[in-house]
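Subject: Structure handover

Hello,

Below is the structure I said I would pass on. My notes follow it, with the two chains taken in turn.

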Amino acid sequence: MILIHCPYCDEQRPEIEFANAGQAHIARPSDPSAMSDEEWEHYLFIRANPRGRHHERWRHNHGCGRFFNAVRDTVTDKFETTYKAGEPRR
Amino acid sequence: MSEALVRSDPIPAGPFLGRDASLKAAPRLARYVLRARASAAVEKVLGAQIPTAIGGFANGVACLGPDEWLMFASDGRESPVDESGSVSVTEVSDRSVGIILEGARAAEILATGCPLDLDHFAVGRATRTIYETVEIVIVREAMDRFHIEVWRSFAPWLWTALTTAATE
C-alpha cells in the first residue's frame, strides 16, 4: 500500500484514507459572465492529462479531512511532494 | 403499536471474550464536535487544556483535524456553551457507539482491517482512520487497550468483523 504524507497531520498515512480530488491549481474565474462558452467549458471540463509529473488535489477524508495538493508521477504513481492548500505551486 | 417498540442496541450488551483479547461496549458517553479556527477559543469554552497537534488526546478531547476536536464526556453532561460565536458545538452523542478492544492481541486484531502502523501509534494518541471500508476513530488508552468509535449503523458489522478476527 502506498503511504501518503499528509501535510496537516505531518505523517505518512495509508493510501486508503485518502481520496483524489482532481487537478490542482485551477482558479475559479472572477467574472464568469464575461467569459465565452468555450472559455467556460475549458474552465469546467478540460483538464491536463500529463504523462509524468502531475499536480493534484487530494483529501485526507478518513483522517483530518483536509484538502491538500500533491505532486504525483502518473507513470510510477510515486508522490514527489505534498503541501498545504493555498501554498504556491511546486 | 407502541408497546411493540423495543430499543435495540447495535452491539451486544455482554462482552466477547476471545483468546488474549476481549471486546465490549463502552459505557454511554456524551460526545461533542467542536470546530473553531483557534484552539484558544475552544479552551476558553471548555475551561480546560486541549491538544493542539492533530492526533493528540487530553482531558477527554481528541484533536482530529486542524480545526476539529471531538470531546468525550460522561453521559448527561451539559453541552458546552460558546458565547463568543467563534466555536461551533454540535452534539453527536448518539451518532456513534464505542467499542473497547482489550488484551495482548488488541493491536493485532485491529490491524486485520486498519492499515495504520499501530507499532508507532503511541499510547494517548487518537485519530480518525478506517477499518476495511468503515470510518472509525481510535484512541489508544494503553498498549493493549483501544477505544474504537464507530457510527451506529456500521457498529454491528464492525463488531462481527472484530469478533471474527479475535476468534481466528
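How far apart do the C-alpha centres of domain 1 of chain B and domain 2 of chain B lie? They are 23 Å apart. Please keep in mind throughout that this is a predicted model.

Domains of chain B

The division of chain B gives domain 1 as 16-27 + 95-167 and domain 2 as 29-91. In the contact between them, domain 1 of chain B supplies 11 residues and domain 2 of chain B supplies 7 residues. On the domain 1 side, the elements of chain B that give two or more residues are strand 8 (96-102), strand 9 and strand 10 (134-142). Strand 9 of chain B gives the most to that side, with 3 residues. By residue class, the domain 1 side divides into 5 nonpolar, 4 polar and 2 charged.

Sheet in chain B

Chain B has an open sheet of 5 strands in the order 4-5-6-3-7, with antiparallel pairing. Strand 4 (57-58) and strand 7 (87-91) of chain B are at the edges; each has a single partner strand, so one side of each is left without a neighbour in the sheet. For strand 4 of chain B that partner is strand 5 of chain B, paired in the antiparallel sense over 2 bridges. Within this pairing, B:Ala58 stands opposite B:Val61 in strand 5 of chain B.

Helix 3 of chain B

Helix 3 of chain B covers residues 155-167, and at 1.5 Å a residue its 13 residues should span 18 Å; the end C-alpha atoms are 18 Å apart, which agrees. The buried residues in helix 3 of chain B are B:Ala155, B:Leu158, B:Trp159, B:Leu162, B:Ala165 and B:Ala166. Viewed down the axis of helix 3 of chain B, the buried residues fall within an arc of 135 degrees, so they line one face of the helix.

B:His147

B:His147 is placed in strand 11 (residues 145-151) of chain B. B:His147 counts as buried because it has 20 C-beta neighbours inside 10 Å, and 20 is the number at which a residue is called buried. Setting aside neighbours within four places in sequence, the contacts of B:His147 are with B:Ala26, B:Gly98, B:Ile100, B:Val139 and B:Glu141.

Chain A

The secondary structure of chain A comes to 1 helix and 6 strands. From the N terminus on, these elements run β-β-β-α-β-β-β. Along the principal axes, the C-alpha atoms of chain A fill a box of roughly 45 × 25 × 20 Å. Chain A has 90 residues, of which 19% count as buried. Among contacts in chain A with a separation of 6 or more, 52% are between residues 24 or more positions apart.

Strand 1 (residues 3-6) of chain A has A:Ile4 and A:Cys6 on a covered face and A:Leu3 and A:His5 on an uncovered one. In a regular strand the side chains alternate between the two faces of the sheet. Strand 1 of chain A pairs with strand 2 (residues 11-14) of chain A in the antiparallel sense over 4 bridges, and A:Cys6 has A:Glu11 as its bridge partner in strand 2 of chain A. The hairpin of these two strands of chain A has 4 residues between the strands, and A:Asp10 takes a positive phi near 55 degrees there.

Strand 3 (residues 19-23) and strand 4 (residues 53-59) of chain A run antiparallel and are joined by 3 bridges. The bridge partner of A:Gln23 in strand 4 of chain A is A:Glu56. Strand 4 of chain A also pairs with strand 5 (residues 67-73) of chain A, in the antiparallel sense over 7 bridges. There, A:His55 has A:Val71 as its bridge partner in strand 5 of chain A.

Contact between the chains

Where chain B meets chain A, 13 residues of chain B are in contact with 11 residues of chain A. On the chain B side, strand 5 (61-65) and strand 9 (126-131) of chain B are the elements that give two or more residues. Strand 9 of chain B has the largest share, 4 residues. The chain B side divides into 6 nonpolar, 4 polar and 3 charged residues.

Regards

Key:
Residues are numbered from 1 along each chain as its sequence is written. Chains are lettered from A and ligands numbered from 1 in the order in which they are written. This is a predicted model: local features need pLDDT of at least 70, side-chain atom pairs count only at pLDDT 80 or more; totals for chains, interfaces and linings use all residues. Two residues are in contact if their C-beta atoms, placed from the backbone, lie within 7 Å. Ala, Val, Leu, Ile, Met, Phe, Trp, Tyr, Cys and Pro count as nonpolar, Asp, Glu, Lys and Arg as charged, and the others, Gly among them, as polar. Domain bounds come from an automatic or database domain assignment. Two strands pair if DSSP finds at least two bridges between them. The expected span of a helix is 1.5 Å times one less than its number of residues. A residue is buried if 20 or more other C-beta atoms lie within 10 Å of its own, exposed if 12 or fewer, and partly exposed in between; C-beta atoms are placed from the backbone. The arc is that of the directions from the helix axis to the C-beta atoms.
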